[in-house]
Amino acid sequence: MSDGPEWFAPKRYGYGSGRPISWQGWAVTTGLFAIVVGLTLLFHDRKSQLIAALISVFVVFTVITAKTTRGGWRWRWGDDEDSADR
């Protein structure tokens, strides 16, 4: 269905993406955690700046996962065979 890269599996139930299914997905997810830890250590005494930085990081991560999820983001009820573990 998607013409782009497939880095994340779709969720079986609900809306969004599930776990990473390629090394690129794992790299993006690991990078997210590293950035969150780094920002937390950097801005530990400035909470409003930490929140602003984290929001921007999570928005970028959300866009990346939305663009690279197999089949795209749509609501799934769990009985759809093409969204099962492929």
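This is a predicted model: local features need pLDDT of at least 70, side-chain atom pairs count only at pLDDT 80 or more; totals for chains, interfaces and linings use all residues.
**Figure 1**

**Figure 2. Helix α1 and its extent.** Helix α1 covers residues 23-42, a run of 20 residues. From the first C-alpha to the last, α1 reaches 28 Å, close to the 28 Å expected at 1.5 Å a residue.

Figure 3. The buried residues of α1 are G25, T29, L32, V36 and L39. Seen down the axis of α1, these buried residues fall within an arc of 95°, so they line one face of the helix. Elements that cover the buried residues of α1 include strand β1 (8-10), strand β3 (17-20) and helix α2. On the face turned away from the buried side, α1 carries the exposed residues W23, T30, A34, L41 and L42.

Figure 4. T69 is placed in the loop between α2 and β4, the latter being residues 76-77. The relative accessible area of T69 is 1%, so this residue is buried; the cut-off for burial is under 20%. Leaving aside residues up to four places away in sequence, T69 touches F8, A9, P10, G16 and S17.

**Figure 5. Surroundings of G14.** G14 is part of strand β2, made of residues 13-14. With a relative accessibility of 10%, G14 counts as buried. When residues up to four places away in sequence are not counted, the contacts of G14 are R74, W75 and R76. Although G14 and R74 are 60 residues apart along the chain, their C-alpha atoms are separated by 7.9 Å.

**Figure 6. The whole protein, for orientation of the close-up views.** The protein has two helices and four strands, which follow the pattern β-β-β-α-α-β along the sequence. Of its 86 residues, 34% are buried. Among contacts in the protein with a separation of 6 or more, 51% involve residues 24 or more positions apart. The accessible surface comes to about 5,900 Å², and 66% of this area belongs to carbon and sulfur atoms.

Definitions and conventions:
Residues are numbered from 1 along each chain as its sequence is written. Side-chain values use heavy atoms; hydrogens and water are left out. Buried means under 20% relative accessible area, exposed over 50%, partly exposed in between (1.4 Å probe, protein chains only). Contact means heavy atoms within 4.5 Å. Accessible areas come from the Shrake-Rupley method with a 1.4 Å probe; for residues, only the protein chains shown count as cover. The expected span of a helix is 1.5 Å times one less than its number of residues. The arc is that of the directions from the helix axis to the C-beta atoms.
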